Amino acid sequence: RCKNLSVSFWNSYWMLPSDVCGMNCFWEAAFRYNYMKTHPSEKMHLAVVACGERLEETVTMLRSAIIFSIKPLHFHIFAEDQLHESFKDILEEFPYEGKVNYTLYPITFPSESAAEWKKLFKPCASQRLFLPLILKNVDSLLYVDTDILFLRPVDDIWSFLGKFNSTQIAAMAPEHEEPRIGWYNRFARHPYYGVTGINSGVMLMNMTRIRRKYFKNDMTPVRLQWAEILMPLLKKYKLNITWGDQDLLNIMFSHNPESLYVFPCQWNYRPDHCIYGSNCKAAEEEGIFILHGNRGVYHDDKQPTFRAVYEAIKNYSFGDDLVHSLLQPLEQELQKTTHTYCGRVYRVFIKQLTKSIRDLYARRSKGR
């Protein structure tokens, strides 16, 4: 299919890596290559929690993970019982046998406090807090919300595990880049990480380290392990937290900042990065790597730029030409959104996607 592309298309889209994102991209690609070379058969574990009307959104996220990823993926899907058959029917139709495996789990909380955890923030949201305790045989895990879309291989964010220093156990992105519009620094009634807090929609975890660590806290001079600290935190702060489990993670890492690796904002790009004007400089330079459509923006008309990306990936058929069936129709839709702040910077939504497609075709041409 690559050979059928017109010369004009190659001239306009298929530039060298340095043309796309400069020397930073070059060195990042070199690191990624070295990490993948030393971890050739590693399987990537990705977890998601789906409740209510989140089936379609979750499947679209999984599709985006599959399209570009290189190493095998294992999906750990935590879902309400009534969604299990639908997930099975859809996932069994995915055409990547051998590359993708999945396991379905029920939603479960500690029996003695299940009711409290279920009603914290959104239904099932706090399930993510218990993943290190449930998936005891999984060493490392990438947790994502259902409203995540991968615009580059999962392999690339997975490789951050190799960048952790000896004290770091997890990685997340800041909640805000601009303190003037930050929520935590203006309104929080509890401790939070750093200047503007962290967002837990994309969370990379070394779960072996999480299970072993003893956490400093403001409840007792005794350090507590993950299984011991969650309920005391909830009891102390339940009247002061707004964003549920994310707030608890902020509290935890505020007391253990040495344990967190912080992603740049293009790894968790949300409407707040553009609706008040563009404030994720890394995305402006390199494009968006992971799109996070929180606040339901994939399903209403408030942020048509985000919705256009979601619809394009949802409607893409595996095996179709990615340029003509995904990239070009998406750019046409994005050009219709320039009346919005996010639409004015619509090119950041396709900059990395363009490179990901080019890299995928390059791998195929080499028989990889």
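**A tour of the disulfides**

Select Cys-274 and Cys-342: with 85° about the S-S bond, their link is right-handed. Cys-274 sits in the loop between E10 and H12, and Cys-342 in helix H15 (residues 341-344), so the pair ties together parts 68 residues apart in sequence. Helices (H or I, at least four residues) and strands (E, at least two) are DSSP runs, numbered from the N terminus.

**A tour of the disulfides**

Select Cys-274 and Cys-342: with 85° about the S-S bond, their link is right-handed. Cys-274 sits in the loop between E10 and H12, and Cys-342 in helix H15 (residues 341-344), so the pair ties together parts 68 residues apart in sequence. Helices (H or I, at least four residues) and strands (E, at least two) are DSSP runs, numbered from the N terminus. A disulfide here is a pair of cysteine sulfur atoms within 2.5 Å.

This is a predicted model: local features need pLDDT of at least 70, side-chain atom pairs count only at pLDDT 80 or more, and totals for chains, interfaces and linings use all residues. Residues are numbered from 1 along each chain as its sequence is written, and side-chain values use heavy atoms, without hydrogens and water.

Stay on this pair. Cys-274 is buried at 0% relative accessibility, and Cys-342 is buried at 0% too. Buried means under 20% relative accessible area, exposed over 50%, partly exposed in between (1.4 Å probe, protein chains only).

Next, select Cys-265 and Cys-280. Their sulfur atoms are 2.0 Å apart in a disulfide. The torsion is 95°, a right-handed link. Cys-265 is buried at 6%; Cys-280 is buried at 1%.

Last, select Cys-51 and Cys-124, joined S to S at 1.9 Å. The S-S torsion is about -95°, so this disulfide is left-handed. Cys-51 lies between strand E1 (44-50) and helix H3 (55-68), Cys-124 between helix H5 (114-118) and helix H6 (131-134), 73 residues apart.
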